[in-house]
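User: I have a model open and would like to go through it with you. Could you take my questions as they come?

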Amino acid sequence: MDAQPSLVVLPGLDGTGLLTTPLLDALAARGVPAQVLRYPQDGPQDYATLAARVRLQLPETPFVLLGESFAGPLAVLLAAQTPPALRGVVLSTTFAHRPVPVPAAFANLLAPAWPLPPLAVLVPLLLGRWCTGETRHALEKALNEVPANVLRQRAAATLRVDARKPLRSLQVPLLGLLARHDRLLWPISVQALQRLAPQARWVTLDGPHLLLQARADAAAGVIADWLRGHVTHKAIAQHP
């Protein structure tokens, strides 16, 4: 029988993992082992390249992959490669195809030169009324750790990625977390994601786009319950 799987977290656009501390703490309090993987800041920042480099960091013991926001397509692409130890996927406030309805060609303009929005714009967009001094500081610190050109390349990559076919192919248990007050993702992108994975368990929580930061305890509770009820239970059924 498999050991309890750990949770491997793929963070959002910053890729630093600094914003995952509240979630990791809340999971630890529920007995769920978790780790976060950082993204390289050198070289191309497209999804295919990041997937190839992140795959080298995946554990060989049973794990569940969590893709947050930017990392949703990354988690799907990795899961579609069927790593032997993968036991499930969690997608949080994310998308499978362009998260906003603009042409993919717009990425060519975004990647090299467009300035990043100031924190005063990002905080209401990403945290809304759930913003605290702690979460605002964590967001600022995470963004300051990553060169602006790297963030722009990753943002541009979201307009080019298409993980719809890999998502439909997934055979592992799937949990989707949605934020009722997500001001970043367009509703049409969220609805499309749900249609692509009707077999998933979809849970909507009150909260902003940065759900795993603003509602860490609630999100950790949903994840822990799902792991026990769907992933661990399935492993026991397959390996009596």
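User: Is Asp 217 buried, partly exposed or exposed, and at what relative accessibility?

Analyst: This is a predicted model, and in it Asp 217 counts as partly exposed because its relative accessibility is 49%, where the cut-off for exposed is over 50%.

User: Which residue forms a salt bridge with Asp 217?

Analyst: The partner is Arg 30, and the closest N and O atoms of the two are 3.0 Å apart.

User: How many salt bridges does a search of the whole structure find?

Analyst: The search finds six. Among them is the pair of Asp 206 and Arg 180, whose closest N and O atoms are 2.8 Å apart. That pair links distant parts of the chain, with Asp 206 in the loop between β6 (201-205) and α10 (211-214) and Arg 180 in the loop between β5 (174-179) and α9 (187-196), 26 residues apart. Asp 206 is partly exposed at 34% relative accessibility, and Arg 180 is partly exposed at 48%.

User: And what does the side chain of Arg 164 meet in a salt bridge?

Analyst: Arg 164 meets the side chain of Asp 162, at 2.7 Å from N to O. Arg 164 is partly exposed at 32% relative accessibility, and Asp 162 is likewise partly exposed, at 38%.

User: Switching to helices, what span does α7 reach from its first C-alpha to its last?

Analyst: Helix α7 covers residues 148-160, 13 residues in total, and reaches 19 Å, which is close to the 18 Å expected at 1.5 Å a residue.

User: Which residues in α7 are buried?

Analyst: The buried residues of α7 are Val 150, Leu 151, Arg 152, Arg 154, Ala 156, Ala 157, Thr 158 and Leu 159.

User: Last topic, confidence: what is the mean pLDDT of the protein chain, and where does pLDDT stay under 50?

Analyst: The mean is 90, and 89% of the residues in the chain reach 70 or more. Over residues 235-240, however, pLDDT stays under 50, and for this stretch the model has four contacts beyond four places in sequence. Where pLDDT is low, the predicted coordinates should not be read in detail.

Note on methods:
Residues numbered from 1 in each chain as written. Predicted model: local features only at pLDDT ≥ 70, side-chain atom pairs only at ≥ 80, totals over all residues. Heavy atoms only, no water. Helix = DSSP H or I, 4+ residues; strand = E, 2+ residues; numbered from the N terminus. Expected span 1.5 Å × (residues − 1). Buried < 20%, exposed > 50% of the residue type's maximum accessible area, 1.4 Å probe, protein only. pLDDT = per-residue confidence, 0-100. Contact = heavy atoms within 4.5 Å. Salt bridge = Lys/Arg side-chain N within 4 Å of Asp/Glu carboxyl O.
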